[in-house]
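Thank you all for coming; I would like to walk you slowly through one structure today. Please have a look at it first, and then we will go through its parts together.

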Amino acid sequence: MILSKTKVLIIIMIALISCSNKEIIDYKPTTIDVIPIPNKVMKAAGFFEINKKTSLVFDRSLKNSAGFFKQYLTKGLGIEISGKSKNYSIVFSLDTAMVGIESYRITIDKESLLIESPSDIGAFYAVQTLRQLLPPSFENGTYGKDKVRLDLLKIEDSPRYEYRGFMLDVARHFFNADEVKHIIDLISAYKINKLHLHLTDDQGWRIEIKSWPNLTESGSRSSVNNEKGGFYTQKDYLEIQAYALKKHITIIPEIDMPGHINAALASYPELNCDNKAREPYSGIKVGFSSLCIKNDVTYKFVDDVIRELSSMTTGNYIHIGGDESRKTDKDDYINFINKTREIVKSYGKEPIGWDEIVDADIESNAIVQFWGKVKNVKLASQKGAKIIMSPSDKIYLDIKYNDSTKLGLTWAGLNDIKDAYNWKPDSLIEGVSGNNILGVEAPLWTETIVTPNDLEYMVFPRLIGVSEIAWSKEENLNWKNYKERLKKHTLRLDNLNINYYKSEYFNR
Ligand code: TNX
């Protein structure tokens, strides 16, 4: 085996770190103000200082994450960390023996900050944790000194759920590629790893499909109140996806069918049973549109759309919607969902659908997203499906916080910060627990959400709590403790210039 220079260097560093004649440090269990809360934290007296002498070495496979950390330190300290000191170093080391590719370990002693992980993903999450251990003023470059101290710590961490999602509805109101990239920056700080883009709905079609050009040529112009139309070219989509991947976020594209489809019905007459194009729609009603299930051209359409989308998408999943298809006859609906799921699979992808798809032929391991009907997910679980938990009365981020919230809807009640945090995926629905649950996703529907400022207001801080439910061990979830950490965390949100909802909890 030929070892590269960096590998040798890392091995030497680790040898120095672990077997030099250093004093034995007595780390003791503790908690820290990090969200989502890590599995295991130990602390000892003393500190490690990062300054201009500090060196940074990394295994090549962890270059991406080491680079993010370096950038962050440069912004915070105003100097580049490129010292040569072997005694004071930051080391990113690959440990393929660790269980779970998203896991990481951080060990801070007086001479070194060691980050170990089995992949760049774990190292990326270690960096997000370290960010929260550094001063909040690092976030906007106002720290003003060229050295900083970190407490002596040992952290061991790995996620509870493999699926930790946020959904953005870009169909009701459009958010452009730069706006989406900004969201990616914000959510990746909380170890969210799925961005579900709701790309089509009655009010607009937002993704270029080359074989059906009118979908975007005309179908993208409309939106709720005709305030904000638009679409992603395939190039935009690829760019967003590449950006997300660097932050270990998988894009999950959704084409909502056979209902929620007016934008397509308005763009192509042949998708309607009467062969007449529908008028564009800019209201906020649901459940009034349906593809013509009996026509062959409908399946040509579905096949073309899924083929183009699959070929652009690096992730395994394609979301086919399937919700609120009130204008589709039940047998037709079942037929359509069965066929569409097969089409997705024929392009090598795994279909996801909203909970209504349980009426179709769901095989075990199918993926069903719970949003409203308990009966649907119970049945889905019995059929062996994997459930994504998006309970509308807890984590729908378009639902108002309280009666005086200006934005948002109320059909699911009110979702305060506490409601969004204080529930357990494993015990919410009888019979839906353990391995049946793939993860948690908080959706933001955008009927009333128009600007990035609106978006931030509804998402933050509720999504931060959801990230903890999705990442942290159930025994570490505690509302009172979370509330205190969140209150301190608002300093970071301020420095990041996020337009978050200022709850009365933060004044107490
Ligand atoms: C229900 S949740 C919908 C959406 C709406 C949302 C508003 C789901 C699968 N369908 O079409 O935008 O409520 O909260």
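How far apart do the C-alpha centres of domain 1 and domain 2 lie? They lie 35 Å apart, and the domain assignment, whose bounds come from an automatic or database domain assignment, gives domain 1 as residues 5-157 and domain 2 as residues 163-507.

Before going on, please note that this is a predicted model, in which local features need pLDDT of at least 70 and side-chain atom pairs count only at pLDDT 80 or more, while totals for chains, interfaces and linings use all residues. Residues are numbered from 1 along each chain as its sequence is written, and side-chain values use heavy atoms, with hydrogens and water left out.

Let us turn to where the domains meet. The contact, meaning heavy atoms within 4.5 Å, takes 28 residues from domain 1 and 27 residues from domain 2. The size of an interface is often given as the accessible area lost when the parts come together. Here the buried area (the accessible area, with a 1.4 Å probe, that two parts lose on being put together, summed over both) is about 2,500 Å², and carbon and sulfur atoms give 55% of it. On the side of domain 1, Ile-35, Pro-36 and Ile-37 supply 28% of the area buried against domain 2, which is more than any other three residues.

There is also charge to consider. The rule finds three salt bridges across this interface, a salt bridge being a side-chain nitrogen of Lys or Arg within 4 Å of a carboxyl oxygen of Asp or Glu. Elsewhere in my notes I have Asp-33 and Lys-488, whose side chains meet in a salt bridge at 3.0 Å, N to O.
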